[in-house]
Amino acid sequence: AARFTKTTLIDDLFEPMELKVLSNGDVLFIQRRGELFIYEAKTQKSRLLGKIPVFLGLEDGLLGLELHPDFERNHLIYLFYSAVSADEQHVSQFKLNQNGLDTTSEKILLRIPEQRQNLCCHSAGSLYMAKNGELFIAT
């Protein structure tokens, strides 16, 4: 028990899914309903960076978060989410700017077909960046 310190970043979250610790100690994290937050180590406060529209049925939503290998320079992130308008999940690249998540910068890298009508209903997902720059997707 003496080896770990538990720190609450924010209360009252709606199903937090993944987080990434930045080199300066800040923490990016996502909620299933589409929000991207940052916990700022200096202020010890969290704030919303942006929200993308997601399909929330069947345990879908914003499921995965990963950083570009050169994130400190280019501010690119990857999000894995369930699209609202189509029966598919997307793995997309986005840019973070001074105002937060730039949703207009989205580049859909992969569309994963998903049926939402006939069978129910477990969804999950995660993203992982290997040291060689390959992006792995778990569905």
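**Strands at a glance**

Let's start with β2 and strand β3 (residues 35-40): they pair in the antiparallel sense over four bridges. Strands are DSSP runs of E, at least two residues, numbered from the N terminus. Two strands pair if DSSP finds at least two bridges between them.

A word on the source. This is a predicted model, where local features need pLDDT of at least 70, side-chain atom pairs count only at pLDDT 80 or more, and totals for chains, interfaces and linings use all residues. Residues are numbered from 1 along each chain as its sequence is written, and side-chain values use heavy atoms, leaving out hydrogens and water.

Back to β2 and β3. Isoleucine 30 has leucine 36 as its bridge partner in β3. Three residues lie between the strands of this hairpin, and glycine 34 takes a positive phi near 110°.

Now the other neighbour. Strand β1 (residues 16-21) runs antiparallel to β2, joined by four bridges. Valine 21 stands opposite valine 27. This hairpin has five residues between its strands, and glycine 25 in the turn has a positive phi of about 95°.

Is β2 buried or exposed? Five of its five residues (27-31) are buried, so β2 is largely enclosed by the rest of the structure. Buried means under 20% relative accessible area, exposed over 50%, partly exposed in between, with a 1.4 Å probe and protein chains only. Val27, Phe29 and Gln31 cover one side, Leu28 and Ile30 the other.

Next, another sheet. Four strands form an open sheet in the order β5-β6-β7-β8, with antiparallel pairing. The edge strands are β5 (62-67) and β8 (100-113), and each pairs on one side only. Inside the sheet, seven bridges join β6 (residues 76-82) to β7 (residues 88-97).
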